[in-house]
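Open the model in your viewer and keep the selection tool at hand. We will go stop by stop.

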Amino acid sequence: MKRPSRFTLGGRTYSPAASLALTAPFLLILLLAFLLPILVLLRESLFVPVPTLANYARIFEQPAYLRILLRTLRIAAEVTASALLLGYPLAWLMANRRGWRLALLLAAVLLPLWTSVLVRTYAWLVLLQRDGVINQVLSGLRLTNKPIGLLYTEGTVVMAMTHVLLPFMILPLYASLRAIPAEYGRAAQVLGASDAAAFREIILPLSLPGAASGCLMVFLLSLGFFVTPALVGGPQQKMLATLVQQQVTELLNWPFAGAIVGTLLAVVLVLVAIFNRLVRLDRFVGQS
Amino acid sequence: MSSAASIDISRLVKRFGTVTAVDAVDLEIPAGEFFALLGPSGSGKTTILMSIAGFDFPDSGSIHVGGRDVTFLPPQQRDLGMVFQRYTLFPHMSVAENVAFPLKMRGVNRADREKRAREALATVRLGELGDRRPAQLSGGQQQRVALARAIVYRPPVLLMDEPLSALDKNLREEMQLEIKHLQRDLGMTIVFVTHDQTEALTMADRVSVLDGGKLQQIGSPRALYEQPATAFVAGFIGETNFWNCTLAQPVAAGAEVTVTLDGGDEAAAIAACALPAGPARLAVRPERIRLGTAGLAGMVAEAIYAGTSTTLILRTAGPDLRVRFGPVDVLPASQTAFTWAPQDARLYPA
């Protein structure tokens with residue numbers, strides 16, 4: 001006889017009906033606010049007014065659009081790399097601290113996360129614009145005689161996006177570093193590993209799952225990021241999300257917007273599939 | 001044969017905040033000895049081991065290994081082997097890679113380290129499991145791999161931090177013998193931390209008993225059992241009946257004296273140390289109490305059968321005493337008399 005599958009939480013077991021009831025509100029929102037609009041957009045891109053792939057072809061044929069697609073992928077990769085480089089040392093520090101020091105570091109990571117992205121992006125404008133803080137300091141020190149352009153470059157976009165997305169890298173890294181028992185490091189040392197070798201041979205490989213999920217998170221968020229590139233990058237550094245917004249609100253070209261969304265979605269799905277494969281491999285590494 | 005090294009610990013003190021974990025401990029461990037640090041949790045045994053390994057630096061005192069002062073040397077420069085309680089096989093490496101790891105850190109080339117890792121795994125009878133992941137092995141197999149990894153570079157000293165405490169009883173006893181044989185074959189010095197007195201007595205040439213950071217006694221297993229130096233050792237090693245008593249006059253260490261027991265009876269005992277007149281504690285092992293027709297009066301309250309032995313609970317004028325019999329003895333009547341030889345009862349400060 002087959003038992004119905006049951007869901008257990010906090011010592012209670014829920015029947016399939018109860019499980020469904022508990023997840024229903026979320027499923028409903030997911031269906032109405034996410035799945036349905038995406039399907040409508042994709043239908044627009046493929047079947048309106050007649051079945052066609054022209055909208056997709058247009059992205060890859062028009063140099064301007066292709067450039068935006070490639071720039072989006074490149075910026076996402078650059079943001080991911082810099083977030084990893086900046087986030088790893090901090091996550092490592094957090095994993096090795098206890099008490100108020102850890103609380104302080106956690107607050108430093110989480111407080112910005114609780115602040116609106118818009119606010120954090122405007123902070124960069126305050127710093128970098130022509131009469132912003134940095135230009136005032138430079139001219140005040142008589143290092144420059146006219147304001148220099150700091151905004152609207154790819155570097156600025158990467159810097160600001162890295163700042164905004166850094167917590168999404170640090171938190172999974174911290175969790176995976178924290179889960180490594182201190183005995184591993186001690187065993188490596190007593191067996192003759194220098195501190196650097198112990199890190200390279202033991203800690204680094206064991207923190208890779210955290211690094212992978214941090215990278216995936218930051219990369220995916222970067223691909224669809226809107227506010228920061230739009231404000232800090234301006235029209236010169238346009239990314240895909242800005243392009244979608246332009247097509248929808250200014251040009252009312254829903255089919256083409258749908259094609260961009262479809263392309264982005266395909267990229268994301270491929271990446272998630274690759275990531276899943278990597279994490280599955282990681283299961284062999286798991287502790288008994 | 002690896003050349004074994006001696007360990008010389010002098011006036012070792014380690015404090016954690018206001019707690020003195022190790023309080024002026026002296027230990028001299030000759031090369032090639034199997035030495036056990038025995039004590040309850042919080043006795044300082046692990047702190048001493050961690051100081052030898054280099055994970056804790058002492059507040060004062062010194063540690064010499066093979067004549068070299070290693071007191072403040074980082075662990076990787078001490079060239080010691082170590083087996084931990086658990087969680088120390090690297091989960092992302094195969095068993096063979098784990099065992100070869102210390103050789104890799106010593107710059108041994110790949111072919112040599114694979115060969116030596118295979119040999120070390122064969123020594124612990126796991127020759128065929130080199131390609132597995134640690135998570136695919138049982139607890140006992142994992143500890144054997146940890147052992148192979150700790151001896152593969154032939155360290156002169158092997159430190160073991162309760163390596164068998166996570167294993168079940170049968171496996172533990174099997175591993176105890178295996179480690180002892182390994183030590184006999186390889187000849188290295190072993191410092192073994194345990195809270196299990198049977199384990200310490202079974203395995204070690206000499207045992208040091210610690211309590212509250214202080215050294216209580218160092219000696220062979222037999223000396224610890226037969227002549228415990230303190231009441232703590234008498235109670236911690238094996239089973240002991242304690243009986244409060246009174247001394248009429250001061251007594252020198254080792255002297256035989258008659259004391260007045262709680263309850264009014266008199267009995268003879270040996271003073272474990274010099275004692276003043278007044279209250280004292282008498283300790284006598286359950287198997288050293290003899291029942292008969294003469295002596296103190298007792299009543300058998302309970303008999304506990306345990307296969308190889310039977311334990312009686314004897315109600316006396318003082319505390320209840322445990323008396324141990326072999327399996328063939330005829331159980332005494334409920335009203336009985338008992339006595340002990342003076343050298344089997346030891347007196348300690350109250």
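**Stop 1: a strand pair in chain B**

Select S15 and strand S19 (residues 335-339) of chain B: the two pair in the antiparallel sense over 3 bridges. Keep in mind that this is a predicted model. Now pick B:Arg290. Its bridge partner in S19(B) is B:Thr339. In general, strands of a sheet pair through backbone hydrogen bonds, either parallel or antiparallel.

**Stop 2**

**Stop 2: where the chains meet**

Select the contacts between the chains. On chain A, 20 residues are in contact with 19 residues of chain B. Colour helix H8 (182-190) and helix H9 (195-223) of chain A: these are the elements that give two or more residues to the side touching chain B. H8(A) gives the most, with 6 residues. By class, this side of chain A has 12 nonpolar, 6 polar and 2 charged residues.

**Stop 3: chain A as a whole**

Along the sequence, the pattern is β-β-α-α-α-α-α-α-α-α-α-α-α-α. Zoom out: the C-alpha atoms of chain A fill a box of roughly 75 × 60 × 30 Å along the principal axes. Of the 288 residues in chain A, 27% are buried.

Key. Residues are numbered from 1 along each chain as its sequence is written. Chains are lettered from A and ligands numbered from 1 in the order in which they are written. This is a predicted model: local features need pLDDT of at least 70, side-chain atom pairs count only at pLDDT 80 or more; totals for chains, interfaces and linings use all residues. Two residues are in contact if their C-beta atoms, placed from the backbone, lie within 7 Å. Helices (H or I, at least four residues) and strands (E, at least two) are DSSP runs, numbered from the N terminus. Ala, Val, Leu, Ile, Met, Phe, Trp, Tyr, Cys and Pro count as nonpolar, Asp, Glu, Lys and Arg as charged, and the others, Gly among them, as polar. Two strands pair if DSSP finds at least two bridges between them. A residue is buried if 20 or more other C-beta atoms lie within 10 Å of its own, exposed if 12 or fewer, and partly exposed in between; C-beta atoms are placed from the backbone.
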